[in-house]
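Please keep the sequence and the model open beside it.

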Amino acid sequence: MTDQTGLEQEIAVEQRHLDRVYARLAELRQSAVRAERDGYRMARVGTHGALVERDAMVFHAAQRRHTLDAEHEGLVFGRLDLRDRQVLHVGRLGIRDENAVTLVVDWRAPAAAAFYQATPAQPLDVVRRRTIQSRAERVTRIEDDLLDPTAAPEGMTVVGDGALLATLSKATGRGMRDIVATIQREQDEAIRSPGSGVTIVAGGPGTGKTAVALHRAAFLLYSDRSRYAGGGILVVGPSSVFVEYIGSVLPSLGEDTATLHSLGTLFPGMTATRPDPPEVAAVKGSLRMRRVLERAARDAVPGGPGELRLLYRGTLLRLDRAALDRIRDRALQRGARRNEVRRAGFDGVFAALWAQAREQSSGRLPEQPAFEAEIAERAEFREFLKAWWPRLHPRHVLGWLAQPDRLRRYAGGILSSAEIRLLNAAYRDLDSAGLTIADVALLDELDALLGKPAQPARARRDPFQLAGGVRELSTLGERQRAARAAARERPEDYREYAHVVVDEAQDVSPMQWRMIGRRGRLASWTVVGDPAQTAWTGDPEELTRARDQALGRRKRHDFTLTTNYRNSAEIFAVAAAEIRRLYPDLPLPTAVRSTGVEPVELVVPATGLETATVEAAAGLLTEVEGTVGVITPVPRRDEVAGWLGALGAPRLQVVTSLEAKGMEYDGVVLVAPSEIRADPGAGVRTLYVALSRATQRLTTIDPTG
């Protein structure tokens, strides 16, 4: 440590460097603005080549300016003093001065790795590591680690002793914050693991699994931008609440090309936020559902015609239900996809009619092509074909499961009677209640089984091209946005991602693994999760098989995070005691931060639960500066949200125990923990998750009676 004068001197040293960095940043930004302006001037040349060059120049200049603007806050956060007396400043963006001298090393660059990986046992030529905190363009705090005292020059000042813990104690705000300034060695090793293969990161609550996954995505984009930005990075989270929570992390790191989806939005055009009860989710998520859906995808359309009757030149041609079923079955042989073999089905109908006509006709018949053309001209025949073999959307076929007789026929011999009853009850209100999260994977499976009818290719249109070759007058900002959008434009159902990140992987069902796997056939993967937090109550061997099939035979890189940075030791002790009910010998992460504030446990009469919840939430809003989460059993979510509406606090969020997965709050009010624990499937594990969401304050309220 050092005295206040020494501290002020060291802050002044870093402030001078920061001033130099921001001055250079302003110069670079002005250069990017000039490049944009010069690019537009090239249009005056009037040639096609000039227009192409202009668009490229404007796009790259606008992209550079966007990056410089995005990285302004907290630009420089670290410093390394090396044994050879070299000094490196580490930050969000690499910056050089006008003479190409490095002012800031990008945190993802190999030269910056020692900032995260050096330890007193292995200093990696680092004498002093300094963490720099700033607000706007002013240095507010510095903290040092002296890693190699024997190499420290005489008079080297060492300031502070708790940069990481000080940062972790800060209010979190509405969304997840990046950890770029406080990445620890075990996290950095996972972030910088090879880009190929599968990186699997395991760790308990608070170990930074999600942050590692997102920072790894940013690292991959930096290390091989042409591959990962070109192919795209897909990030899959468990819920829409979670995806919204993490949505600001990659943009804060200067990366906005990744695609974020929850499990309920992966299928194009569908958004599901409603969970199933665990026992229903286990049935819908089972691989056995694929066999059920295969039967459905081959079945006759509900309400479709049961026979075809056609009068041809005085002869009645008739195909009954059995004949039509045989034609459909022949067309669907060998895994054929229904929407893609409609023509084969139609050809089968033509062939059967032609055979009948030849057998029954006493007069001369035209050749078969002429016969088919004559039949096809009839409006009633065309309407029959459309009704008998329509183009099917997966949502249509999933809706067939809501008919009890069909569900019994499809699931008989595959699912048990009890499981069929569960699905019957679950799908009874499908039209009114809408899809659940688990249904989205079934839609994706049906999409693979049904296939898609061929669609004519659509030419890409210039959004600023009007009729007659006239180009619409547009602003600089409009053309920049259009250029960026065109560069990233992908089909709605894009399936060629270069990298896939799966967060909270322990909750992904076998059918969901199949859905994600279809989007990652060409990808490398990052998979993060904690088996102790799983809500999956189905067959664990089936789950492993589905995951391994999705990941393929790619080489695995396994990492385990062992330190809980999020929870105070006092809070995590409560969560740890809960999970020990199930797993007495489970290795748990070590919570490294103590606040001296014990969690509050309240037991109130059932009639007083509302008042106690409102008072506890209001109290936490005054005690912490950041977010307050109120976590409820799934059935109570709307009820509790209604209680708290009068508080009108933007910092307050009400979530279910399932939606809380992956979330972080400064203070948590946990409502009715005994009701969460009572779930016979994953109750204890779900409660473990809910108890470990708070960083500073935790209040539990249980009703009695």
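**Notes on helix contacts and aromatic pairs**

1. Val292, Arg295 and Ala296 in α11 meet Arg409, Tyr410 and Ala411 in α17, where contact means heavy atoms within 4.5 Å. These contact residues divide into 4 nonpolar, no polar and 2 charged, with Ala, Val, Leu, Ile, Met, Phe, Trp, Tyr, Cys and Pro counted as nonpolar, Asp, Glu, Lys and Arg as charged, and the others, Gly among them, as polar.

2. Please read this as a predicted model, in which local features need pLDDT of at least 70 and side-chain atom pairs count only at pLDDT 80 or more, while totals for chains, interfaces and linings use all residues. Residues are numbered from 1 along each chain as its sequence is written, and side-chain values use heavy atoms, with hydrogens and water left out.

3. The structure holds 10 aromatic pairs (rings of Phe, Tyr and Trp, the last by its six-membered ring, with centres within 6.5 Å; planes under 30 degrees apart are stacked, over 60 edge-to-face and the rest tilted). One of them is the tilted pair of Phe350 and Phe381, at 5.3 Å centre to centre and 50° between the planes. Because Phe350 lies in helix α13 (residues 342–360) and Phe381 in helix α15 (residues 379–388), this pair ties together parts that are 31 residues apart in sequence; helices here are DSSP runs (H or I, at least four residues), numbered from the N terminus.

4. Both Phe350 and Phe381 are buried, that is, under 20% relative accessible area, with a 1.4 Å probe and protein chains only.

Key
Helix = DSSP H or I, 4+ residues; strand = E, 2+ residues; numbered from the N terminus. Buried < 20%, exposed > 50% of the residue type's maximum accessible area, 1.4 Å probe, protein only.
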